[in-house]
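Open the structure in your viewer and keep the selection tool ready. Each stop below says what to pick and what is there.

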Amino acid sequence: MTRTTEKTRRIPAAGAVGFTASPALARDLQLVLADLVELHLQAKQAHWNVVGPGFRSLHLELDDITAAAREASDLVAERLRALHGVPDGRSGTVAATTTLAAFPGGERSTAEVIEAITNRLHGVASTIRVVRGSVDAEDPATTDLLHTVVETLEKHAWMLGAAGREPRR
């Protein structure tokens, strides 16, 4: 007979599923995913069409924002898959569910782009803050991931916003 002690590791049975996201958790993560995918697309649109003073530095910053949003969307989607959910990043789904306002077409001045993308960075962070409580109640590990995403978005919002304003006096 084998004795089991507290130090004995238990190996999950073959075919064990592990933690599965509830429909509410999956829905919350899908909302965040849609906003991150939309931010990625809008930042790239702005990158291609920005003109005016400070073009080069803004053009490069928009590439950084695009990369950060894309990376964050991948993290959220992969977390959703790890919890046995099914992320949906299709363009129709993203367009129908994002909370972000559409980005205008055509060339945009550096001032317009700074304001628009800063607002959208704050918008995605706001979506995360709205769902954070319910996510945390079900899965604190996912909340940790969302905290990291908010920190990244708000850092970019600060940097972008600082580029578009004068010092306070």
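Is Arg-129 buried, partly exposed or exposed? Select Arg-129: this residue is partly exposed, with a relative accessible area of 37%. Buried means under 20% relative accessible area, exposed over 50%, and partly exposed in between, with a 1.4 Å probe and protein chains only.

A note before moving on. This is a predicted model, where local features need pLDDT of at least 70, side-chain atom pairs count only at pLDDT 80 or more, and totals for chains, interfaces and linings use all residues. Residues are numbered from 1 along each chain as its sequence is written, and side-chain values use heavy atoms, with hydrogens and water left out.

**Stop 1: the partner of Arg-129.** Arg-129 and Glu-154 form a salt bridge, with the closest N and O atoms 2.4 Å apart. A salt bridge here is a side-chain nitrogen of Lys or Arg within 4 Å of a carboxyl oxygen of Asp or Glu. Arg-129 sits in helix H4 (residues 110-138) and Glu-154 in helix H5, 25 residues apart. Glu-154 is partly exposed, at 30% relative accessibility.

**Stop 2: the whole chain.** Zoom out and colour by secondary structure. The protein has five helices and two strands. From the N terminus, the order is α-β-α-α-β-α-α. Helices (H or I, at least four residues) and strands (E, at least two) are DSSP runs, numbered from the N terminus. Of the 169 residues, 38% are buried.

**Stop 3: H2 against H5.** Select residues 55-82 for helix H2 and residues 140-163 for helix H5. Their axes lie 11 Å apart, at an angle of about 170°. That makes H2 roughly antiparallel to H5; the term applies to angles over 145 degrees. Axes are lines fitted to C-alpha atoms, for helices over the stretch in contact, and angles run from 0 to 180 degrees between N-to-C directions.

Now show side chains. The H2 residues in this contact include Leu-58, Ile-65 and Leu-75; those in H5 include Leu-145, Val-149 and Met-159. Contact means heavy atoms within 4.5 Å. The residues of this contact divide into twelve nonpolar, three polar and three charged.

**Stop 4: H1 to H2.** Select Asp-63 and Lys-44. They form a salt bridge, the closest N and O atoms being 2.6 Å apart. Asp-63 belongs to helix H2 and Lys-44 to helix H1 (residues 23-49), 19 residues apart. Asp-63 is partly exposed at 29%, and Lys-44 is partly exposed at 22%.

**Last stop.** How many salt bridges does a search of the whole structure find? The search finds five.

Notes. Parallel < 35°, antiparallel > 145°, perpendicular 65-115°, else oblique. Nonpolar A, V, L, I, M, F, W, Y, C, P; charged D, E, K, R; others polar.
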